[in-house]
Amino acid sequence: MAFEPPQRLVTALGESARDGEDWLEKLPTAVEQAVAARELTVERVHVPGGRSSLVLMVRRADGTPAVLKLVPPRSRPESERAALTGWGGLGAARLLDPECADGALLIERLHRDVSVRTLPEAKALLEAAGTLRRLWVAPPAGHRFETVAERTGRQAEAMRGTAAPEVAPLVDAALAARRELLAGEPEARLLHGTFRQSKVLAGDRVPWLAVGPDPVVGEPAFDLARLVRDRVEDLIASPSGASITRRRVKKLAESLDVDQERLRGWTLFRAVESGVRALRVGRAQDAELLLEFAGWL
């Protein structure tokens, strides 16, 4: 199959994946094999697509529309498969090929151009939070999902090794918050892992469903933290951005029965981690927004 992967994916893999070029080189063959194994007809490549996967609009042999998603091994496609299987279509897009294990995922097709981010902000947060609540289930016995402690441990090491002197105080605060949070972690749940408004798409069987998890097991406040900073560019542009952020933390914590201080702490850690990572790969503007936001917390 001849196609060009979206430039957004190529750029992102070049920033973050040492094996990204090798995976992209093998991608056409992987697509052909996955399409043949599932007897699919390809309609088009989804553009601009995501930063960590190739998404194809396809039809199954019976004409049912679906999405075929190919993910680099470093992005843990087997974990996404396990999470989607566990959720069984409740709160998240339904997995359509649970028996396959070739690194590709055949998923229920949603309206990929209509996310809750298209709604007014208050409504978007309400719908996103409601979707997220349905995903927080007990992890299966003997699960092999990464834990919050494991994931943030790797991130903490990277933060220590690459932080510029001018952001050192924020890094120190974020690392201190992580230590305190992990010392008294509440009951663990299966989490989406990378949840935000753009990850909640309009569906046909229910109004909104989550997509694109990078699942992790830990406390719900960790999952909710990424949602707090949604539309960060609008927050930074607002003269009352800091107070809006604090109100958002309070409102989301209360609506989902999450401890407000734990949500604030994980929001700080995740914002600083993202900001330092953006600095590391040369996305200075993104880093500036994220670190200013973190300073409000």
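**Close-up views of a predicted model**

**View 1. The side chains of E219 and W266 are joined by a polar contact of 2.8 Å.** In this predicted model, E219 is found in the loop between β9 (216–218) and α7 (220–228). With a relative accessibility of 3%, E219 counts as buried, because buried means a relative accessible area under 20%. Apart from neighbours within four places in sequence, E219 is in contact with L181, E185, P186, E187, L191, R262 and W266. L56 lies 163 residues from E219 along the chain, and the C-alpha atoms of these two residues are separated by 33 Å.

**View 2. Helix α5 (residues 148–162) packs with helix α10 (residues 260–280) at an angle of about 50°.** The axes of the two helices are 10 Å apart, and the angle between them makes α5 oblique to α10. The crossing in which α5 passes α10 is left-handed. On the α5 side, V148, T152, Q155, A156, A158, M159 and T162 take part, and they meet W266, F269, V272, E273, V276 and R280 of α10. Sorted by class, the contact of α5 with α10 has eight nonpolar residues, three polar ones and two charged ones.

**View 3. R81 is found in helix α3, which spans residues 77–87.** Although R81 carries a charged side chain by class, this residue is buried, with a relative accessible area of 11%. When residues up to four places away in sequence are not counted, R81 touches R38, L95, D97, P98, C100, A104 and L105.

Note on methods
Residues are numbered from 1 along each chain as its sequence is written. This is a predicted model: local features need pLDDT of at least 70, side-chain atom pairs count only at pLDDT 80 or more; totals for chains, interfaces and linings use all residues. Side-chain values use heavy atoms; hydrogens and water are left out. Helices (H or I, at least four residues) and strands (E, at least two) are DSSP runs, numbered from the N terminus. Buried means under 20% relative accessible area, exposed over 50%, partly exposed in between (1.4 Å probe, protein chains only). Contact means heavy atoms within 4.5 Å. Axes are lines fitted to C-alpha atoms, for helices over the stretch in contact, and angles run from 0 to 180 degrees between N-to-C directions. Angles under 35 degrees count as roughly parallel, over 145 as roughly antiparallel, 65 to 115 as roughly perpendicular and the rest as oblique. A crossing is left-handed if the near helix is turned anticlockwise from the far one by less than a right angle, and right-handed if clockwise. A polar contact is a pair of N or O atoms within 3.5 Å; within protein, one must be able to donate a hydrogen and the other to accept it, and residues adjacent in sequence count only if both atoms are side-chain atoms.
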